[in-house]
Amino acid sequence: MPEGPSIVILKEEARGLVGRRIVAVEGNTRIDKERLVGQRIVALRSWGKHFLIEMPDFSLRIHFLMFGTYRIDERKEDATPRLGLRFRGGGELNVYTCSVRFVDAPLDQVYDWSGDVMSDLWDAAGARRKLRALPDAWVCDALLDQDVFAGVGNIIKNEVLFRIRLHPLSRVGALPARKLAQMVDEARRYSFEFLAWKKAFVLRKHWLAHTKRTCPRCHIPFVKAHLGRTERRSFFCERCQRLYDR
Ligand SMILES: [Zn+2]
């Protein structure tokens, strides 16, 4: 699943489309495609895992779900895009296996940018406040909670918990204040490392826990389990990742 940093990369790769006018639309989405013809792209934005195409009177929200992909100025062979935008003077954007919706309200009304781990407006104190309101949540679920950490996905979750030596089934309410702050800070720090490594095509090489079999600190096997309410894959070390429970 594309996590927040991957959407930031898409936004950068597609920035040449800003200011361009849509002349044709195709794809198997059920939204009213005709509404897009003639529209000019005002801005490309992102909030967590949402890619947002802003036009003068409305926006498009694209969510890549589990397996979504995109192509800029080219097409996938043998695949129908969910949505394909063609621009005046050439150029196209095609998105596949994703959810596409119109957003009619201004994006600044719809989105709280301070909750996006990649945003310049990220508010760490706000994230700590939201976490303190979820004392019974497991940390593995809290990190994936898009209301708290928009953009954090399963890779970032596993890497953050390993880096700060925190067991995924720790309860948020049982964390000392400094551990809670460390989780918030590391979620953002690691997201930017993810961005830099992904741009350099070396992201996997830097995984310490995600999909790994052995703890690089203790040299014992990692536990692999589908944990939490979200039941997403967790890779963790029972020796060096401390369980905070009550
Ligand atoms: Zn370990």
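E159 is buried, with a relative accessibility of 0%. The model shown here is predicted. E159 forms a salt bridge with R163. The closest N and O atoms of the two residues are 3.3 Å apart. Both E159 and R163 sit in helix α5, four residues apart. That spacing is about one turn of the helix.

The two partners differ in cover. R163 counts as partly exposed because its relative accessibility is 21%, and the limit for buried is under 20%. E159, at 0%, counts as buried.

## The rest of helix α5

Helix α5 runs over residues 154-163. The helix is mostly covered, with nine of its 10 residues buried. Among the buried residues are N154, I155, I156 and K157. N158, E159, V160, L161 and F162 are buried too.

What covers these residues? Helices α1 (4-13), α4 (139-142) and α6 (177-199) are included in the cover. Strand β10 (232-236) is also part of the cover. Just after α5 comes R165, which takes a positive phi of about 55°.

## Salt bridges across the chain

Side chains of opposite charge can pair when their charged atoms come close. How many salt bridges are found in the whole structure? The search finds 11.

One of them joins the side chains of R86 and E26, at 3.0 Å from N to O. R86 lies in strand β6 (residues 83-87), and E26 lies in strand β1 (residues 22-26). The two residues are 60 residues apart in sequence, so the pair ties together separate parts of the chain. R86 is buried, at 11% relative accessibility. E26 is partly exposed, with a relative accessible area of 33%.

## A second pair and a network

The side chains of E92 and R75 also meet in a salt bridge, at 2.7 Å from N to O. This pair links distant parts of the chain, 17 residues apart. E92 is in strand β7 (residues 92-96), while R75 is in the loop between β5 and β6. Is E92 buried or exposed? E92 is buried, with a relative accessible area of 13%. R75 counts as partly exposed, at 47% relative accessibility.

Now put the pairs together. E26, R75, R86 and E92 are linked in a network of salt bridges.

## The zinc site

Which residues are the protein donors of the zinc ion? They are C215, C218, C237 and C240, each through its SG atom. These donors lie 2.2 to 2.3 Å from the zinc ion. Along the chain, the donors follow the spacing C-x2-C-x18-C-x2-C.

The site is tetrahedral, with angles of 107 to 112° among its four donor atoms. The site counts as tetrahedral because four donors qualify if all angles lie between 85 and 135 degrees. C237 is buried, with a relative accessible area of 0%. C240 is buried as well, at 12% relative accessibility.

L65, M66 and F67 make a nonpolar surface patch of about 330 Å². M66 is placed in the loop between β4 (59-63) and β5 (69-72). M66 counts as partly exposed, because its relative accessibility is 40%.

Notes
Residues numbered from 1 in each chain as written. Predicted model: local features only at pLDDT ≥ 70, side-chain atom pairs only at ≥ 80, totals over all residues. Heavy atoms only, no water. Donors = N, O, S within 2.8 Å, 3.2 Å for Na, K, Ca; no water. Tetrahedral: all angles 85-135°; square planar, octahedral: opposite > 155°, others 65-115°. Buried < 20%, exposed > 50% of the residue type's maximum accessible area, 1.4 Å probe, protein only. Contact = heavy atoms within 4.5 Å. Patch = residues over 30% accessible without salt bridge, like charges linked within 9 Å, V, L, I, M, F, W, Y side chains within 5 Å. Areas by Shrake-Rupley, 256 points an atom, 1.4 Å probe, with all protein chains shown as cover. Salt bridge = Lys/Arg side-chain N within 4 Å of Asp/Glu carboxyl O.
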